[in-house]
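Me: I would like to go through a protein model with you, one topic at a time. Could you look at it with me?

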Amino acid sequence: EKLAGRIVHNDTANTILLMDYIGKDSIAQVTLYKVPEELQGKALSESGLKENHNILVMLVESGTGRAEPANARTVFYPGDKLTVFGNYATISRVFHARERFSDQ
């Protein structure tokens, strides 16, 4: 089943992994294979994630493999892994992410 999913999706779909939940909100890891168009080239402070979607980006792990705290100047790139806090369904929708069930 996993192999079939990988063939169909070509491993290019953004993914979301639920890490924990607090009340109605969740901590999740989003892996960006493609940065959503509305976020491309925008600094976090210009993205509207917090203001419009109530999504807090806490950490960004880039190609270096080290997770760094997000700041106002953070820009997302393909391959980034984001640790975010917010409503799970909203996170999935905003980042165009499909669910994954294990750390792949």
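Me: Which side chains meet in a salt bridge here?

Reply: The side chains of arginine 66 and glutamate 68 do, at 2.7 Å from N to O. A salt bridge is a side-chain nitrogen of Lys or Arg within 4 Å of a carboxyl oxygen of Asp or Glu. Please note that this is a predicted model, in which local features need pLDDT of at least 70 and side-chain atom pairs count only at pLDDT 80 or more, while totals for chains, interfaces and linings use all residues. Residues are numbered from 1 along each chain as its sequence is written, and side-chain values use heavy atoms, with hydrogens and water left out.

Me: How many salt bridges does a search of the whole structure find?

Reply: The search finds one. In general, side chains of opposite charge can pair when their charged atoms come close.

Me: Is arginine 66 buried or exposed? And what about glutamate 68?

Reply: Arginine 66 counts as exposed because its relative accessibility is 55%. Glutamate 68, at 34%, counts as partly exposed. Buried means under 20% relative accessible area, exposed over 50%, and partly exposed in between (1.4 Å probe, protein chains only).

Me: New topic: which helices and strands are there, and in what order?

Reply: The protein has four helices and six strands. Starting at the N terminus, the elements run α-β-β-α-α-β-β-β-α-β. Helices (H or I, at least four residues) and strands (E, at least two) are DSSP runs, numbered from the N terminus.

Me: In what order do the strands lie in the sheet?

Reply: The six strands form an open sheet with mixed pairing, in the order 4-3-5-2-1-6. Strand 4 and strand 6 stand at the edges with a single partner strand each, so one side of each is left without a neighbour in the sheet. Two strands pair if DSSP finds at least two bridges between them.

Me: In which sense do strand 3 and strand 4 pair?

Reply: They pair in the antiparallel sense, over three bridges. Glutamate 61, for instance, has alanine 67 in strand 4 as its bridge partner.

Me: What does threonine 15 touch?

Reply: Threonine 15 lies in strand 1, residues 14-22, and counts as buried at 2% relative accessibility. Leaving aside residues up to four places away in sequence, its contacts (heavy atoms within 4.5 Å) include Gln29, Tyr33, Ala97 and Arg100.

Me: What about aromatic rings: how many pairs does the structure hold?

Reply: It holds one aromatic pair. Phenylalanine 76 and phenylalanine 95 form this edge-to-face pair, with 6.3 Å centre to centre and 70° between the planes. Rings of Phe, Tyr and Trp (its six-membered ring) pair if their centres lie within 6.5 Å; planes under 30 degrees apart count as stacked, over 60 as edge-to-face and the rest as tilted.

Me: Where do phenylalanine 76 and phenylalanine 95 lie?

Reply: Phenylalanine 76 is in the loop between strand 4 (67-69) and strand 5 (81-86), and phenylalanine 95 is in the loop between helix 4 (88-94) and strand 6 (97-99), so the pair ties together parts that are 19 residues apart in sequence. Phenylalanine 76 counts as buried at 3% relative accessibility, and phenylalanine 95 is buried at 0%.

Me: Last one: what is the phi of asparagine 54?

Reply: Asparagine 54 has a positive phi of about 55°, although it is not a glycine. Its place is in the loop between helix 3 (49-53) and strand 3 (56-61).
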